[in-house]
Amino acid sequence: MRTWCILLLVTASISCAREEPAPAETAASSDTVTTSPDTADARFDPKAAQATAPPGTIALLQKDVQVTLADYRITGLPETLMPAQYTFNVTNAGSHEHSFEVEGEGIEKALDRTLQPGQSAKLVVDLRAGTYKVYCPVADHEERGMTRPLVVQ
């Protein structure tokens, strides 16, 4: 429900931000639509907004998080999330097997299997406020850099 309310507010804001046509434009035929370049393709897409948000921003509205595991890197994971239940959509884009685990605040949840190159899996975790460690528990991958902090606030 909150997502729809925010979507409605954003849509209303975009509509209100459009400039009124000048008197000469009102004489245009009814088939002509006038838009300004900044609003011509205005659409609200929370997933696209998160994907293009700068690192370290809070993921709003979105409870699905796309995570990519590459050889000794974890990408796509925001540094900060709001408390909620999240589905981490994890894809192994590397050339070695990897996995994904979230640990902290009394929680320790991991994928139920190791992902081979090209495979994907989902991990659902209910995150409360606090600090978590996200890492690949395969062999020495954590020590080789496959670890990230995650702050939930």
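Modeller: Let us begin with strands: helices (H or I, at least four residues) and strands (E, at least two) are DSSP runs, numbered from the N terminus. Two strands pair if DSSP finds at least two bridges between them. Here, four strands form an open sheet of mixed pairing, in the order 3-2-5-8. Strand 3 (73-75) and strand 8 (120-127) are at its edges, each with a single partner strand, so one side of each has no neighbour in the sheet. On average, neighbouring strands of this sheet are turned by 25° against each other, direction ignored; the axes are lines fitted to C-alpha atoms, for helices over the stretch in contact, and angles run from 0 to 180 degrees between N-to-C directions.

Colleague: On what kind of model does this rest?

Modeller: The model is predicted: local features need pLDDT of at least 70, side-chain atom pairs count only at pLDDT 80 or more, and totals for chains, interfaces and linings use all residues. Residues are numbered from 1 along each chain as its sequence is written, and side-chain values use heavy atoms, with hydrogens and water left out.

Colleague: What is the average pLDDT of the protein?

Modeller: pLDDT is the predictor's confidence in each residue, from 0 to 100. The protein averages 75, and 59% of the residues score at least 70. Where pLDDT is low, the predicted coordinates should not be read in detail. Over residues 1-49 pLDDT stays under 50, and the model has 14 contacts (heavy atoms within 4.5 Å) beyond four places in sequence for them.

Colleague: How many bridges join strand 5 and strand 8?

Modeller: Strand 5 (residues 84-92) and strand 8 are antiparallel and share eight bridges; Asn 89 has Lys 122 of strand 8 as its bridge partner. Elsewhere, strand 6 (residues 101-104) is joined to the antiparallel strand 9 (residues 130-135) by three bridges, with Glu 101 opposite Tyr 135. Six bridges link strand 9 with strand 10 (residues 147-152), also antiparallel, and Lys 133 is partnered there by Pro 149.

Colleague: Which side chains meet in a salt bridge?

Modeller: Side chains of opposite charge can pair when their charged atoms come close. The criterion is a side-chain nitrogen of Lys or Arg within 4 Å of a carboxyl oxygen of Asp or Glu. The structure holds one such bridge, between Glu 142 and Lys 133 at 2.9 Å, N to O. Buried means under 20% relative accessible area, exposed over 50%, and partly exposed in between (1.4 Å probe, protein chains only). Glu 142, at 23%, is partly exposed, and so is Lys 133, at 31%.

Colleague: How many aromatic pairs does a search of the whole structure find?

Modeller: Rings of Phe, Tyr and Trp (its six-membered ring) pair if their centres lie within 6.5 Å; planes under 30 degrees apart count as stacked, over 60 as edge-to-face and the rest as tilted. The search finds two pairs. Tyr 86 and Phe 88 form a tilted pair, 6.4 Å centre to centre with 35° between the planes. Phe 88 and Phe 100 are also tilted, at 5.5 Å and 45°. Phe 88 lies in strand 5 and Phe 100 in the loop between strand 5 and strand 6, so this pair ties together parts twelve residues apart in sequence. Tyr 86, Phe 88 and Phe 100 form one aromatic cluster. Tyr 86 is buried at 2% relative accessibility, Phe 88 at 0% and Phe 100 at 0%.
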